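Colleague: I would like to go through this model and learn how to read its features one at a time. Please show it first.

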Amino acid sequence: SEHYRLYPLIPFEPQQSFETYYVEIDSGAVFQGEPHEGNVYEYVFVIKGKLQISVAGKIFKINEGEFLHFLANCPHEYKCIGKKMTSAIMHISYLS
């Protein structure tokens with residue numbers, strides 16, 4: 001989408017158990033996360049701005065310098081709730 005951007009820092013490879021992205025989300029923009037299968041956890045570290053993350057109907061507000069981790073086997077949504085773009089690091093961990 002033109003309103004959010006994902007940049008792979010450590011791309012997914014089958015022999016490793018994680019991947020990491022730098023994310024930019026424009027003010028008011030929403031990014032839908034698809035449910036992952038199995039024990040997949042997402043760790044989101046907000047570098048700049050404010051982010052609202054909805055996980056299975058629960059809403060979390062994450063400010064600059066804070067992070068959230070959650071089991072990502074359900075629908076989840078990221079929304080920039082600040083007046084400026086939010087940037088974050090998203091780390092996805094695949095556990096067996």
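Colleague: How many bridges join strand β5 to strand β8, and in which sense do the two strands run?

Modeller: Keep in mind that this is a predicted model. Strands β5 (residues 50-55) and β8 (residues 76-80) are joined by five bridges and run antiparallel.

Colleague: How many bridges link β3 and β8?

Modeller: Four bridges link them, in the antiparallel sense. Phenylalanine 31 has tyrosine 78 as its bridge partner in β8.

Colleague: To which faces do the side chains along β3 point?

Modeller: They alternate along β3.

Colleague: Which strands form the five-stranded sheet?

Modeller: That open sheet has the order β1-β2-β9-β4-β7, and its pairing is antiparallel. Its edges are β1 (4-10) and β7; each has a single partner strand, so one side of each is left without a neighbour in the sheet. From one strand to the next, the twist averages 20 degrees.

Colleague: How many bridges join β4 to β9, and how many join β4 to β7?

Modeller: Nine bridges join β4 to β9, and these strands run antiparallel. Five bridges join β4 to β7, again with the strands running antiparallel. Tyrosine 43 can be followed in both directions: it stands opposite histidine 91 in β9, and its bridge partner in β7 is histidine 69. Another position to check is glutamate 42, which stands opposite phenylalanine 70 in β7.

Colleague: Which residues have the most contacts inside the largest nonpolar core?

Modeller: A core is read from its members and from the elements that supply them. The largest nonpolar core has 21 residues, and those with the most contacts inside it are Ile25, Val44, Leu51, Ile53, Phe70, Tyr78 and Met90. The elements giving two or more residues to this core are β2 (18-25), β4 (39-48), β5, β7 (67-71), β8 and β9 (86-95).

Colleague: What does tyrosine 78 touch?

Modeller: Not counting residues up to four places away in sequence, tyrosine 78 touches Ile25, Ala29, Val30, Phe31, Glu42, Val44, Leu51, Gln52, Ile53, Phe70 and Met90.

Colleague: Alanine 29 is in that list. Where is alanine 29 found, and is it buried or exposed?

Modeller: Alanine 29 is found in the loop between β2 and β3. Its relative accessible area is 8%, and buried means under 20%, so alanine 29 is buried. Leaving aside neighbours within four places in sequence, its contacts are His3, Tyr78, Lys79 and Cys80. The C-alpha atoms of alanine 29 and tyrosine 78 are separated by 8.3 Å, with the two residues 49 residues apart along the chain.

Colleague: Why does serine 54 count as buried?

Modeller: Serine 54 counts as buried because its relative accessibility is 15%, and the cut-off is under 20%. Serine 54 is found in strand β5. Leaving aside neighbours within four places in sequence, serine 54 is in contact with Ile59, Pro75, His76 and Glu77.

Colleague: How many helices and strands does the chain have?

Modeller: The chain comes to zero helices and nine strands. The radius of gyration is 13 Å, close to the 12 Å that the globule rule gives for 96 residues, so the chain is as compact as a globular protein of that length. The C-alpha atoms fill a box of roughly 40 × 30 × 25 Å along the principal axes.

Colleague: What share of the residues counts as buried?

Modeller: Of the 96 residues, 38% count as buried. The chain exposes about 5800 Å², and carbon and sulfur atoms supply 55% of this area. For contacts with a separation of 6 or more, residues 24 or more positions apart account for 66%.

Methods
Residues numbered from 1 in each chain as written. Predicted model: local features only at pLDDT ≥ 70, side-chain atom pairs only at ≥ 80, totals over all residues. Heavy atoms only, no water. Pairing = 2+ DSSP bridges. Core = buried A, V, L, I, M, F, W, Y, C linked by side-chain atoms within 4.5 Å. Buried < 20%, exposed > 50% of the residue type's maximum accessible area, 1.4 Å probe, protein only. Contact = heavy atoms within 4.5 Å. Rg over C-alpha atoms; globule rule 2.2 N^0.38 Å. Areas by Shrake-Rupley, 256 points an atom, 1.4 Å probe, with all protein chains shown as cover. Axes fitted to C-alpha atoms, helices over the stretch in contact; angles between N-to-C directions.
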